[in-house]
Amino acid sequence: VNYNPCADPKLIFNPNIPYTSPTFIIPSSYYNANTTMRIGLTVTRGSDSASTSTVLNVQSADSLTLSLDCQNCNLYSYPDNLIFVGDVLNNDNSATVADYSWNVDPKMPSAAYQYTYKVRKNYTLLNDLTQWAVNLLAQADGKQGQANFTVPVDPAPEDGTLTITPSTGLSLSTYYHLSSENWQDDDAPLTYSLFYRFGDGPEFRLSDSQKFPYYYTQLPGNASTSTMTLKIVVTDSKGAYSSAEARVATTVQGSSISNELSTLKNSFGALTTEGSSSVLRGDPIEALKTLSFMTIEMSTFEKVDTASDNSGKRNLQATSDAAVKGQVIAFKNAMLTNLLMVYGTIPTSESQEIMLQTLRMASANTVYNDPATVEHTMDVLDSSLGGMTINTVTESTNVAEIITNIIANFGASSFSKSATKSLKAWTQKWLDNLSTGVLNDMIPNDEPRTIITRNFDAYIVQTTRCKMIRQSIQ
């Protein structure tokens with residue numbers, strides 16, 4: 001940077017004399033104490049090159065010498081969650097533990113545990129930057145030292161659009177063509193993932209990550225609104241991503257929960273082999289997606305049917321017609337059984353997320369669930385995901401919501417003491433699974449999340465990188 005041949009008699013930083021070795025020595029005559037030196041490095045192989053930089057804080061002899069490294073980075077890839085490790089190199093008193101102070105610029109979600117620092121990248125903050133930095137200040141025995149680590153910003157894909165044709169249609173009937181074009185990014189190949197949501201509601205995954213910028217699909221509907229927002233997330237080969245959105249209108253075919261049930265039964269029948277209610281035909285990924293659509297659409301009718309009007313009166317069709325409630329519950333059980341069978345043939349990370357979001361919505365309404373449905377949901381979760389690690393914040397949130405729903409259903413229905421005891425053991429097992437899985441993606445030292453219910457409170461453990469601090473069910 002600002003190359004000056006007079007200050008570089010050994011030509012260490014001459015850009016016209018490339019090094020063939022990854023190691024070089026800077027003589028002490030090149031710098032003074034209590035100064036800062038910024039070094040830029042460009043590595044070239046053939047026609048490909050990559051650049052990075054770092055800052056050295058030159059201190060006097062009574063200062064601590066620190067090292068700072070990114071544990072999970074390499075020259076070509078910087079993941080969403082970066083782990084930095086610092087070390088004191090010249091602290092003679094080994095009994096003294098250094099006091100570490102961390103900082104990231106710009107400010108992003110982060111947490112420190114002694115000499116370890118974890119940062120979760122915020123692409124919104126980084127979009128207009130070329131690099132960002134982590135700073136470490138350590139103190140021990142009256143001495144202090146400082147170290148910096150500079151991380152280059154990989155530009156995210158930009159200028160892309162999402163188009164949907166047609167713009168209106170019927171849920172679970174009309175096929176929509178989604179296409180995304182004009183994305184600009186040098187780090188090919190790009191991958192594409194699709195999501196959808198109703199209004200300000202939760203976001204659901206629509207597709208696996210794929211190499212093609214187009215998709216052909218049916219869509220679910222919502223009993224309260226016909227407006228759906230679809231989002232495409234485009235990710236380059238280095239992990240940088242951005243998104244585009246578009247809206248579409250999907251009208252449900254049922255006007256009440258009873259005739260919606262008839263519509264969904266017809267859609268379900270189209271999935272199954274003739275004469276069978278449990279043998280699905282066709283592409284298992286499409287079957288999983290359709291079962292998820294039906295469950296999510298039905299959950300919106302359940303929500304409307306059990307909502308209160310302005311006078312506080314509840315519109316409970318299930319109360320006046322127990323047969324309808326029984327039919328809805330039986331249909332949900334059939335879909336859950338088939339969901340489990342389909343998922344067993346395609347256990348990808350994306351299908352795991354679709355499975356979890358479907359169970360979350362199926363278990364959300366206490367009126368349209370009974371003890372048999374609740375136990376069935378617990379069995380499906382155990383059978384499908386019991387041996388898998390929960391790896392992302394989205395998966396953790398889904399499982400936490402399923403646990404919340406299950407506990408709420410226990411509170412709304414008549415369960416024996418032994419069943420409640422079994423529920424506590426089951427919940428503890430899944431909280432243990434969460435506590436192990438979230439270490440991969442969540443920031444250490446987060447405040448524990450509390451699930452408040454009428455029966456008891458369940459705490460997801462507070463974690464650090466090295467240990468679990470607390471786990472309990474009360």
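## The largest cavity and its lining

In this predicted model, the residues that line the largest cavity are Thr 295, Met 298, Ser 299, Glu 302, Lys 332, Met 335, Met 361 and Ala 362. Two or more lining residues come from each of helix H3 (284-305), helix H5 (322-343) and helix H6 (349-362). The greatest contribution is that of H3, which supplies four residues.

Sorted by class, the lining comprises four nonpolar, two polar and two charged residues. The volume of the largest cavity is about 30 Å³, and the structure holds one cavity of 30 Å³ or more.

## Helix H3

Helix H3 is mostly covered, since 17 of its 22 residues are buried. Its length can be checked against expectation: at 1.5 Å a residue, the 22 residues of H3 should span 32 Å, and the end C-alpha atoms are 31 Å apart, which agrees.

As background to the helices, an α-helix has 3.6 residues a turn, so residues three or four places apart point the same way.

## Ala 133 in strand S8

Another part of the model is represented by Ala 133, which lies in strand S8 (residues 131-140). The relative accessible area of Ala 133 is 25%, and the residue is therefore partly exposed, as this term covers values between 20% and 50%.

Leaving aside residues up to four places away in sequence, Ala 133 touches Asn 103, Val 104, Asp 105, Phe 149 and Thr 150. The C-alpha atom of Ala 133 is separated by 5.9 Å from that of Val 151, a residue 18 residues apart from Ala 133 along the chain.

Key
Residues numbered from 1 in each chain as written. Predicted model: local features only at pLDDT ≥ 70, side-chain atom pairs only at ≥ 80, totals over all residues. Heavy atoms only, no water. 1 Å grid on protein atoms, 1.4 Å probe; cavity = no way out; pocket = protein on both sides within 12 Å on 5 of 7 lines; lining within 4 Å. Points joined across faces, edges and corners; volume = space filled by probe spheres on them. Nonpolar A, V, L, I, M, F, W, Y, C, P; charged D, E, K, R; others polar. Expected span 1.5 Å × (residues − 1). Buried < 20%, exposed > 50% of the residue type's maximum accessible area, 1.4 Å probe, protein only. Contact = heavy atoms within 4.5 Å.
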